[in-house]
Structures are given as structure tokens and as C-alpha cells.
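I opened my notebook today to look up a few things, one at a time. Come along and check each entry as I go.

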Amino acid sequence: MSVMTFLLRTRGTRRLHWTDVLCYLYLSLGVVVMFAPVLWLVMSSLKSEAALAQFPPTFLPYTQKSIIVPGNDKPLPLFSVTTDDGQHKVMAQVSRIGIMATLVDPAAPETRVKVNINQREPINELNFAWNNFKDLFDKFTFGTYLWNSVFITVVATALTLLFNSMAAFALSKYQFKGQKTVFLLIIATLMIPPTIILVPVFLVINQVGLLNSLWGVILPAVATPTGVFLLRQYMLTIPDELLEAARMDHASEWRIYWRIVLPLSAPALAVLAIFSVMWRWNDFLLPLIVLSKNESFTLQLALNSFQGELNTQWHYLLAMTVITLLPITLVFAFLQRHITTGIASAGVK
Amino acid sequence: MSNNITLQQQILDQQVKLVATLELRSLQKTFDRTRVIHDASLTVEHGEFVVFVGPSGCGKSTLLRLIAGLDTLTGGSVLIDGQEVNAISAADRGCAMVFQSYALYPHMTVYANMAFGLENAKVPRADIDRKVNEAATMLRLDHLLQRRPTQLSGGQRQRVAIGRAIVRNPKIFLFDEPLSNLDAELRVSMRTELRDMHHRLGATMIYVTHDQVEAMTMADKIVVLREGRIEQIGTPEALYKRPCNMFVAGFIGSPRMNLIPASALASSVAMARVLPPNTEHVGVRPEHWSLCEPGQGVSITIRASEYLGAQRLIHAELPDHTRVELLINDDIELTPGSVNAIKAEALHIHAFDANGHRIEETVA
């Protein structure tokens, strides 16, 4: 109820104000622009290979009906044929040469009819090709890719939260010489595009022997300037008196960090966690250079490898893309409130 | 570690009466080349309730934080039980502090707030439970233990903050303006509660406030501070009766003492006390004036009268327009504009020299 009243709010109390009309038009346009491609992707991922190749494309996943006719090994596609005398007949197509198709009446398999292809219309039915998804797990080592991606995302996010919050704690709650300098240096690294340091990073990973290891993807990007900045700004708002009270309460510095500062930074940590999950899950470049063996591929790399030079199995590619999108969508759906409040309170975009 | 153990023993053994004395030896504190505490020296006996009072920015909170060990000193030393604690961390000094903002951990329940210090000292679970419950009963918080600080009223938060200090059986309690966030009524009742608690625990307490009424009503000993210097140390009575300088004279007592330039009192004959020749200012508290026959005292012109209930606060002027205030019984009515005469007993007339220092009455 409250959702509906929220969605249908208007400016005027009785009649629609012209700004309401404008507003809803604009918002609807936004919804279409934002959601149409995603919706198209989801629908397409449920199409069979043949349906994908169909032109003009359909929104819903239609496939042609087929029927097993005695005397033929394979199921034959069904057509609605307009006979010369204007009658409509359902027939199965045996073969087609040029503009002439050979059809057969399923009821009377013996008599074959030759018809101009313009005289027949395919009979379509709604058919969701769930096999696209099923096959991913059966035919390919999709499970491995998924596990690699999940492992990297979860472990890297946990490490990012831990290390960034420790750095932020020190930078926000301790007074020491060079504190500002250190902070500025960390922030300054934001100005270096990751592509520029890609080669040195690769060399280091190679030297350390982490090539083709998931840790080679996790470790280089654990400390992020954005994360340190975001958490530091938030931690500055935690009153020092709380820390002093804890110190008077005989708490060690680690305990102050773990029991006081960390729980109180939860909103900022949530934001960083969401960011980190997105970064890691969508990351392509770093895994691409670090992971070269098929069994250590992440989903993003696997997606890339599906796009072959000569042919692309679009139906699998699309299904995989949908699965790849799911976690981020879920994260957003459930943590949206935290994101907005967290971003607002952390004072960053 | 050894400190940990001694703390534990203290907590476990409640029978032992804690003896804690505090001594400050020419304490100094400088922030960025600004000196905020100049040479503060002070001795606090065991079980004393000492109040640091002074206008805002006088360094009283800083002094408290230096004692607690939250700030490092620039010079001098702090001694607790005769032992220098300059190098000992805040946690190990055996002090407990109640902050102005209470500084309760917002994400923990009342119980967890109070138990946190004991957990850190590695006190066994059962003992923590017992001590927290004892303190909660004493502070009437027992039904609130599972609440969060945000679900409590100001007075309740205040009591949790005090409870958090009590459970650790500290040697010295430090209070940093603990009542300033409460409403007037609650403040008065908390004042008596704190006094009661002090009697019950018999612990040494140091209390910082800017409110001289709080200081007067609660303290065994008041330390008046101004601009980082201790102006006077003494019992409330001593400070009231014999302020050592004009600042203390003006700060202690409400309404403020009248500080009248000696020159304004044209005829010192009118005063009951023979003023020393180097008197620059004469101080008389409003409540110590009494009306008298014209010619026997100082003549004043009434300007305004405030009705306070049992008393009236009269604003008046001396012949040379120096303002004076006097408190008189409410049954006397003085119409603005009328001319009257007032006098004060010799005992209540304070003389201050050019530097603002008190000139003691020479025993004739």
C-alpha cells in the first residue's frame, strides 16, 4: 500500500498538475532507457540458438513448433500453409530447396506437397530455453568460473575492508608527524590510472610467483585509496571521547579498533563492501593479465573466451551474462538503503 | 601486565578500602606553543571531593585530562598514591572518567557498556555479571540493562556513565562537567545523588564544572582556575568568606560580589571596617548589605528591583554612579529613584589591593 502511494504521489492533491505529467513522462523514459537493454538481455538469454538468429527478432522467446512424423528421423518444423484454394492447413516441412518447400501433412505422411515458401507461415510457440543455463553447468566448467569469481570477490572484499579500515583508523584517530602527508600520498594514487601501472604490476606478480593464482588477482588491489578515504572521512565523525572512554576502560588499541571503531563505521564499511564487490566482480583487466589458464578463469574472462574468433555461441554467452549480472543486482536490491545513507554520510560520491 | 593484575585484585576484593591520594607538582601543559596550564600544584587527600571550577577555557578540563593520562604533560608530574604516573598510560592509572558527553558506546547495550572495562581487564564472567548488576541496582538501572544508550533519557545515560566508572572500582573518579547536559531540575537531584555516592563509596573524586553553585554545593575542596592558573584552593566556606583575590571573589557566590572602587566610597567613615590605605577595591556580597539610617552607611539610589521570592535583588547606584546590588527581604519595598543608605558588617567587607589581591584584616 505504502509502496503504491509512494509510486503514485502527485503534486496536486486532486488533479494531475502539469509538472506531475512531465515528471512521470520523464521517469518512464528513464525506466525504459535503463531497463530495456537488461530486459532484452534476459529475454534473449532464454531463446534457443535458432530463435536468436531469427529476423526480425522477437521480444519473447518463440521457437517453431515441431512434430515427429513417421518416416523422418528428426522432428519436422510445423507451418501453416495457405493452399491455392485459400484453405489453411497445418503441415510439417520435410525439406526446402530455393523458394520451394516440400511439406507433409502429419495426419497423412505419405503425400508430400510442394509449396512456394511465401505460402507458408511458421507456427511458433513460447518456449523458454532453460537449457542455455543448464548446459553452462553441464557442458562447461562454469561452476569453476563461478567459484573463482566468488572466491576472489569475497576474499578480496574482506581483506579490503580490514586493511583499509586499519589505515583509516590510524589516519583519522592518531596524531603523528606526516599524517597529512601519508594521507595525501594515498589520495594522490587516485590520479594514476590502473592501466598505466599494469605492466609493473604484472612484473611484480610474476616475480612473486602468483601468476595463474587467484591470490595474484586478490592481493594487488587490496588497499584502495577510495576505501581509505571513504572510511577515514567517516571515522573522523566518531567522537574521540568514545576512544578515550575505551582507553580509560583499559581497552588495548586493537580492541578499540575492533570493538568500538569498526562497529561504529558499519555504514561506511557497507558502502565500501558494496563498491568492492562491484569492482572485484566486474574486474576484467587484472584477471586477464594474471590468469591465463582456463581453470583459473573468472566469469568475466570466461565470458570473453566465449566470444570466439570465428563463431560465438550467443545463447550461452547471454545466459552467462545474466548469471554474471545477478549478484550485483542482488547486492543493490538488498543494500540499496545502506548505499544511499552511507554515501550521504561519508560525504563522497 | 602487573598493572592488569593489581587492577583485577582491586576489582575482586571489594572489602579493601581503597586509599588514593593525588598530587600535582607544578604541572604544565602547552598546546602548539600556547601554554594552557601554568605550574599547577595541588594535593588531594584520600576520599576528598575536589571540584575544579572556573570560566570556560580556564584549563580545568585539560587539568583533568592530564590527571587521567589522556593528554601528555609538558612539565611537572602527577603522583597517585605517592607514585609518579607520568609515564603510565591512562588505562593503568586506576582512574575512571565520566565525560561531559557521557561517551557511552552507542552500539552496545547498557550492560555491555558497563561490562566493557571489566572484560578488558579479563575479569571472570561471573564477577562481571555480579558487579554490573550491583552497580545497576545502586543506580536504579537494573531494568534498563538490555537497552541501548539511544533509548535512554539524559539522566539515565548519565547514570550509565557513572555506573561504567563504578564497576571498575577506580582509585580516583574523574568527572568532566557531567551534569551540564541535564535540565535544571535533574541537575539538582543528580548533585545530591553524586554526593550520596561519594559518601557511600568513600572514593576520591575530582569534578570539573563551570557552575560555581555546583562547586559550592558538592565540594569538600574547591580549586578555582583562571587562564591555566590555580587562583585559590579551599573549602567552599573559605572561598566564600575569604576569597584571596578579586577574581575568586567575583566568581564564587551568586549573585556576584559587588566590587566597588575604593574611591567611589567617598566616606570610609560610613564603612564598619577601617580600610587599609592601599585598598583599591572593596568587595561586599549583595546578601551582606543591610539597610540603615541615612548618614550611617553608604547612600544609594535605587534603580530597579527584581522579585526573587523570599528576597528581592535591588540594583542601585552609588552617588558616583557605581552600580551595586543588594539582596533584601521581600517585605521591604524600595521604589526606584528613592535614596537609601546601606551598610555591611566589618567581617563582610573585603579589601583588595591594586593587583586584586586580598588585604587581610590586621588584628588590632
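**Entry one: a surface patch.** I began with the surface of this predicted model. I found a nonpolar patch there, formed by Val31(A), Met34(A), Phe35(A), Val38(A), Val42(A) and Leu325(A). Together these residues have about 540 Å² of accessible area. Which helix gives the most to the patch? I noted helix H2 of chain A, residues 18-45, with five residues.

I picked Phe35(A), which sits in helix H2 of chain A. Is Phe35(A) buried or exposed? I wrote down exposed, because its relative accessibility is 53% and the cut-off for exposed is over 50%.

Next I looked up Arg164(B), and I found it in helix H5 of chain B, which covers residues 154-166. Arg164(B) is buried and has no salt bridge. Its nearest side chain of opposite charge is Asp249(A), 4.0 Å away. I also checked the polar atoms: one in the side chain of Arg164(B) lies 3.1 Å from the backbone oxygen of Tyr102(B). Leaving out residues up to four places away in sequence, I listed what Arg164(B) touches; among them are Ala245(A) and Asp249(A) from chain A, and Tyr102(B), Leu104(B) and Met114(B) from chain B.

I then stepped back to chain B, which has nine helices and 19 strands. Its C-alpha atoms fill a box of roughly 75 × 45 × 40 Å along the principal axes. Of its 364 residues, 55% count as buried. The chain exposes about 16300 Å², and carbon and sulfur atoms supply 49% of that.

Terms used
Residues are numbered from 1 along each chain as its sequence is written. Chains are lettered from A and ligands numbered from 1 in the order in which they are written. This is a predicted model: local features need pLDDT of at least 70, side-chain atom pairs count only at pLDDT 80 or more; totals for chains, interfaces and linings use all residues. Side-chain values use heavy atoms; hydrogens and water are left out. Helices (H or I, at least four residues) and strands (E, at least two) are DSSP runs, numbered from the N terminus. Buried means under 20% relative accessible area, exposed over 50%, partly exposed in between (1.4 Å probe, protein chains only). Lys and Arg count as positive and Asp and Glu as negative; His and the chain ends are not counted. A polar contact is a pair of N or O atoms within 3.5 Å; within protein, one must be able to donate a hydrogen and the other to accept it, and residues adjacent in sequence count only if both atoms are side-chain atoms. Contact means heavy atoms within 4.5 Å. Patches are made of residues with over 30% relative accessible area and no salt bridge: like charges are joined within 9 Å, nonpolar side chains (Val, Leu, Ile, Met, Phe, Trp, Tyr) within 5 Å. Accessible areas come from the Shrake-Rupley method with a 1.4 Å probe; for residues, only the protein chains shown count as cover.
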